[in-house]
Amino acid sequence: MTPGLIYALAGVALFVLGLAGLILLTSALRRILAFNLMGSGVFLVLVGLAQRDGGVDPVPQAMVLTGIVVAVAATALALALARRLVIPLEKTEK
Amino acid sequence: MIAWPGVPLTFVKRWLVGLSAIALGGALMRAILDLPAVGVDLPGAVAANMAASGVEHPVTAVLLNFRGYDTLLEVAVLLLALLGMWAAAAPGETAPTQVADRDDPVLRTLARLIVPLMILVAGYLLWAGAHRPGGAFQAGAVLASAAVLLHLTGLLPAWTSPRLPLRLGLAGGFLVFLATAVFLLGEGSLLRYPPEHAGALILFIEAGLTLSLGLILAGLFLVLASLRARP
């Protein structure tokens with residue numbers, strides 16, 4: 001059981017936690033957070049699995065770096081859309 | 001829906017989902033533990049081509065050279081997300097928030113001292129990316145947090161509608177990257193740098209990316225901040 005493998009297993013736990021949250025929670029904000037948790041789990045699995053034999057693999061690290069930035073952008077867009085869900089368009093057009 | 005008499009449906013649903021999630025987690029962990037050894041030697045392939053990449057840090061080499069098109073598309077996605085946020089705002093909904101009401105001299109002085117240092121750190125990270133952990137994304141994140149800090153201390157208003165200089169800044173990194181890719185298309189394939197100019201080209205692209213990523217990431221915050229509260 002190398003540290004990399006432990007990270008990957010923890011990533012699976014985060015992913016499953018986020019998935020259950022996405023199904024069970026009703027508030028849009030909490031669902032966005034749960035979805036983010038799933039994404040973090042996937043990143044942890046990617047990076048952890050790549051270095052389970054001790055060596056560091058730069059390719060998954062670069063992919064995860066890309067993924068983190070895209071996840072930030074997707075979260076911001078999701079927040080803007082969730083806000084539109086709470087405050088419908090006709091209310092703001094006066 | 002089937003529910004036992006006297007047992008609330010949400011209770012059943014919660015247990016059902018919880019148990020299924022635990023089962024899925026167990027199966028996934030089992031799969032990870034049983035995974036066969038890796039067939040392709042990616043770290044070896046990266047190490048073998050490092051000399052031709054123009055930089056000395058493997059992650060930067062993968063991001064900007066070996067898989068440069070991923071990064072190109074990623075910046076496009078970021079730009080699209082910001083445009084989407086603007087599109088989701090109703091016309092006339094964005095308004096400059098009150099920035100002058102929080103008059104905290106200690107906080108403002110601290111922000112004024114720290115922000116120049118953050119810009120310096122961003123420049124260092126950009127330069128350091130060639131041979132140690134760092135690069136355009138980290139530098140852009142530091143720039144964006146400097147902008148957020150300025151907004152939170154009331155020194156920078158939220159963005160309402162961007163004018164031409166800001167639009168150019170937001171799209172500039174992507175355009176520089178795209179122009180380089182198109183220019184190099186004449187050499188044979190997309191984003192294959194000639195080894196002798198690779199280092200300079202990567203630094204050029206990264207400099208543009210740092211500025212644009214900083215502005216875009218700051219925009220993700222400042223656009224949300226400019227939307228008026230519930231009417």
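How many residues does helix H6 of chain B have, and how far does H6(B) reach from its first C-alpha to its last? Helix H6 (residues 136-152) of chain B has 17 residues and reaches 24 Å, close to the 24 Å expected at 1.5 Å a residue (the expected span being 1.5 Å times one less than the number of residues). This is a predicted model, in which local features need pLDDT of at least 70, side-chain atom pairs count only at pLDDT 80 or more, and totals for chains, interfaces and linings use all residues. Residues are numbered from 1 along each chain as its sequence is written, while chains are lettered from A and ligands numbered from 1 in the order in which they are written.

**Chain B overall**
- Chain B contains 8 helices and 0 strands, where helices (H or I, at least four residues) and strands (E, at least two) are DSSP runs numbered from the N terminus.
- The radius of gyration of chain B is 24 Å, whereas a compact globule of 231 residues would have one near 17 Å (taken over C-alpha atoms; the globule rule is 2.2 Å times the number of residues to the power 0.38).
- The C-alpha trace of chain B spans about 75 × 60 × 35 Å along its principal axes.
- Of the 231 residues of chain B, 32% count as buried, that is, with 20 or more other C-beta atoms within 10 Å of their own, C-beta atoms being placed from the backbone.

**Helix H6 of chain B**
- H6(B) is largely enclosed by the rest of the structure, because 12 of its 17 residues are buried.
- The buried residues include B:Phe137, B:Val142, B:Leu143, B:Leu150 and B:His151.
- Their cover includes H3 of chain A, together with helix H5 (105-128) and H8 of chain B.
- H6(B) is followed by B:Gly154, whose phi is positive, near 85°.

**Nonpolar core**
- Of the 69 residues in the largest nonpolar core, B:Val62, B:Leu78, B:Leu82, B:Met85, B:Ile216 and B:Leu220 touch the most other members; such a core is a set of buried Ala, Val, Leu, Ile, Met, Phe, Trp, Tyr and Cys residues joined through C-beta atoms within 7 Å.
- Helix H8 (residues 198-226) of chain B gives the most to this core, with 12 residues.

**Interface between chains A and B**
- In total, 35 residues of chain A are in contact with 35 residues of chain B, contact meaning C-beta atoms, placed from the backbone, within 7 Å.
- H3(A) gives the most to the side of chain A that touches chain B, with 18 residues.
- B:Val62 touches residues including A:Pro58, A:Val59 and A:Ala62, not counting those up to four places away in sequence.

Technical notes
Contact = placed C-beta atoms within 7 Å.
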